[in-house]
Amino acid sequence: MTATQEPILTAADLAGHGVHGDDPDAQGKFGIFGGRYVPEALIPALDEVAAEYDRARNDPAFLREFDHLLRTYAGRPTTLTEVPRFAQHAGGARIVLKREDLTHTGAHKINNVLGQALLTKRLGKTRVIAETGAGQHGVATATAAALMGLECVIYMGAVDCERQALNVARMKLLGATVVPVTNGSQTLKDAINEAFRDWVTNVDRTHYLFGTIAGPHPFPEIVRDFARIIGVEARRQILELTGALPDAVCAAVGGGSNAIGIFHAFIEDSGVALHGYEAGGRGLETGEHALTLTAGSVGVLHGSRTYVLQDEEGQTIESHSISAGLDYPGVGPEHAWLKDSGRAVYHGITDAEAMEAFALLARTEGIIPAIESSHALAGALKLGRELGPEATVLVNLSGRGDKDMGTAMKYFDL
Amino acid sequence: MTTLQTVFAKAKADDRAALVGYLPAGFPTKDGAIAAAAAMVEAGCDVIEIGLPYSDPLMDGPTIQDAVHRALSNGTRIADVLRTVEGVAKTGAATLVMTYWNPIDRYGAERFARDLAGAGGVGTITPDLTPEEAGPWREASAAAGIDTVFLVAPSSTEERIKAVVECCTGFVYAASLMGVTGARESVGSAAQGLVERTRTHTDLPVCVGLGVGNGRQAAEVAAYADGVIVGSAFIRRLLDAADEPSGLAAVRELGAELAAGVRD
């Protein structure tokens, strides 16, 4: 492929406000969503990050360095894989996977992390902190910290530490300190609270390497931009492969970074439907789910106005999903905006549907996906049947399933 | 109803700082919170901040997190917060609500301002509401006749301090250090400088919170601030007490020590 000889990422790919007509405004708002609802103490740090990011994305040296890391360290560009045997279960529609599972560390999270780790060095900070749910963002952050010689502390809910023990070990091996968070629901949302508490205390030498497109401005914009490489590549590749744009793009949505990463390049392609799949957990009616966009309401969580799972008095309702990475009661403000504008549609996939797709991809194609990504696969199965055999569906296979073997062993009694 | 303006004018006339105590509604129990706040007033607190327990208190340290968790486990709701305000306001202290923004946002800004004023509350402190997002709350509060207190921090630039104090009525809350709530060995050295910087932008009283836990620290802060805010140290006394009477006694004892401190 000749495309690989050119820069993976150009300045235009990280271009500033207005180029795509869908960047947040100066207050970090996507329509009514986003903004900053944080202690005043953090405002200068957020301003500093925003200003440095603005300089970085217009600096050819930064873009070259990021490009070099993506190519020689993360293993980009990642390939597309067409999965015809899997697609037989989707009414014969053509299904093509974007293989983010093949990146170094095994998930798309590495893209954002490498970008922000470079940003950390530009900020002159020596320590990074991060929250993690499934552990993939923690592993990616610990990896980048090891690579760049940064001190690294990862906050992870105690419940998640248990169900993702392998990733905890990986982070420790990489030299990170993993702090189990034992308050609240002991999952991702509480890990984020704890990371914010650390940040406000140690902000002078610490960058909060935020892992998803939620949180206060500028995180939703920065994380999205570093994840955009997924869609930038996939759009070129699918045109090469099929000669046309896909009918639909599918991605799993927890906080929403892998989804926005692949969606973004297609937003202006009005013929391409964008489908996000949230964790339906045990089902909407059971109340045990993470259907933030599907069943939540507008509120403020973790510094951003967005859809939130909350009760009538604004208390956050604990989410549930078999996949730790989707177990989050908030969602990135840009998805809230895409939902309300109608440009993207969001659906729920239950634990059972996701696990069925997880096993199906393994048996039909020899690819073990992350349970998070399996939600998008399950969505593609449904969508393929609706669209029929003429359709092409592009799915973001956001990560690999090695980390999920414990859950799979229990679920399938392996 | 005692207003913040009355409190600070009186403290100034007495040539001392005001003492502000914090306690979440519903902690240790719904009625226990009213009793504990009354004990704080009796011991010398001029202003009481009633915390609205919230599921994601990302600015709070372990002590307040613990208390808030217990309050939520007790089933504390906004109606209970308003009842607590009503009970505490009757003691004669100026009574505020301290809350993260989302519960007000969800309840409805106008409705919350109206109901708080109706319960005898004199205002709110909203630690995660910045000037950029504060417009609707300032309007609702002004309409209901209650004060709006916002925070400045040691990291705040002159420009930010100016923007924050323009949104404040009643007083300005100066966070003494970069960090979360909780008593500490010493109050941040940045606090005095922050108070002085804040004074160049406003004539409002400036109160210092975060890290103050004993009479010595209260006296130290009272030397340069208009008010001293204490939360976690009161909560610690209640958490460590064997039963309710001994908890109230411990709260009274701490309150008296702090009240002496602000008069030093």
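**Exercise 1. Two helices in chain A**

Task: In this predicted model, which residues of α2(A) meet which residues of α4(A)? Then describe how the two helices cross.

Solution: 
- Step 1. List the contacts. From α2(A) come Phe62(A), Glu65(A), Phe66(A), Leu69(A) and Leu70(A). From α4(A) come Asn111(A), Leu114(A), Gly115(A), Leu118(A), Leu119(A) and Arg122(A).
- Step 2. Sort them by class. The contact of α2(A) with α4(A) has 7 nonpolar, 2 polar and 2 charged residues.
- Step 3. Look at the axes. Helix α2 spans residues 60–72 of chain A, and helix α4 spans residues 109–122 of chain A. Their axes come within 10 Å and cross at roughly 140 degrees.
- Step 4. Name the arrangement. That angle makes α2(A) oblique to α4(A). Only angles over 145 count as roughly antiparallel.
- Step 5. The crossing of α2(A) and α4(A) is right-handed.

**Exercise 2. Two helices in chain B**

Task: At what angle do the axes of α6(B) and α7(B) cross, and which residues make the contact?

Solution: 
- Step 1. Place the helices. Helix α6 of chain B covers residues 109–118, and helix α7 of chain B covers residues 135–144.
- Step 2. Read the geometry. The axes come within 8 Å and cross at roughly 35 degrees. The crossing of α6(B) and α7(B) is right-handed.
- Step 3. Name the residues. Helix α6(B) gives Ala109(B), Glu110(B), Phe112(B), Ala113(B), Arg114(B) and Ala117(B). Helix α7(B) gives Pro136(B), Trp137(B), Ala140(B), Ser141(B) and Ala144(B).
- Step 4. Sort by class. The contact of α6(B) with α7(B) has 8 nonpolar, 1 polar and 2 charged residues.

**Exercise 3. The interface**

Task: How many residues of chain B are in contact with chain A, and what area is buried between the chains?

Solution: 
- Step 1. Count residues. Chain B brings 35 residues into contact with 33 residues of chain A.
- Step 2. State the area. About 3000 Å² is buried between chain B and chain A, and carbon and sulfur atoms give 46% of that.
- Step 3. Leu58(B), Arg106(B) and Glu133(B) supply 23% of the area that chain B buries against chain A, more than any other three residues.
- Step 4. Count salt bridges. There are 7 between chain B and chain A. The side chains of Arg77(B) and Glu312(A) also meet in a salt bridge, at 3.1 Å from N to O.

**Exercise 4. A link within chain A**

Task: Which parts of chain A does the pair Asp225(A) and Arg57(A) tie together?

Solution: 
- Step 1. Start with the total. The structure holds 48 salt bridges over all chains.
- Step 2. Pick the pair. The side chains of Asp225(A) and Arg57(A) meet in a salt bridge, at 3.2 Å from N to O.
- Step 3. Locate both ends. Asp225(A) lies in helix α9 (residues 219–227) of chain A and Arg57(A) in helix α1 (residues 43–57) of chain A, so the pair ties together parts 168 residues apart in sequence.

Key. Residues numbered from 1 in each chain as written. Chains lettered and ligands numbered in written order. Predicted model: local features only at pLDDT ≥ 70, side-chain atom pairs only at ≥ 80, totals over all residues. Heavy atoms only, no water. Axes fitted to C-alpha atoms, helices over the stretch in contact; angles between N-to-C directions. Helix = DSSP H or I, 4+ residues; strand = E, 2+ residues; numbered from the N terminus. Parallel < 35°, antiparallel > 145°, perpendicular 65-115°, else oblique. Left-handed = near helix turned anticlockwise from the far one by under 90°. Contact = heavy atoms within 4.5 Å. Nonpolar A, V, L, I, M, F, W, Y, C, P; charged D, E, K, R; others polar. Buried area = accessible area lost by both parts, 1.4 Å probe. Salt bridge = Lys/Arg side-chain N within 4 Å of Asp/Glu carboxyl O.
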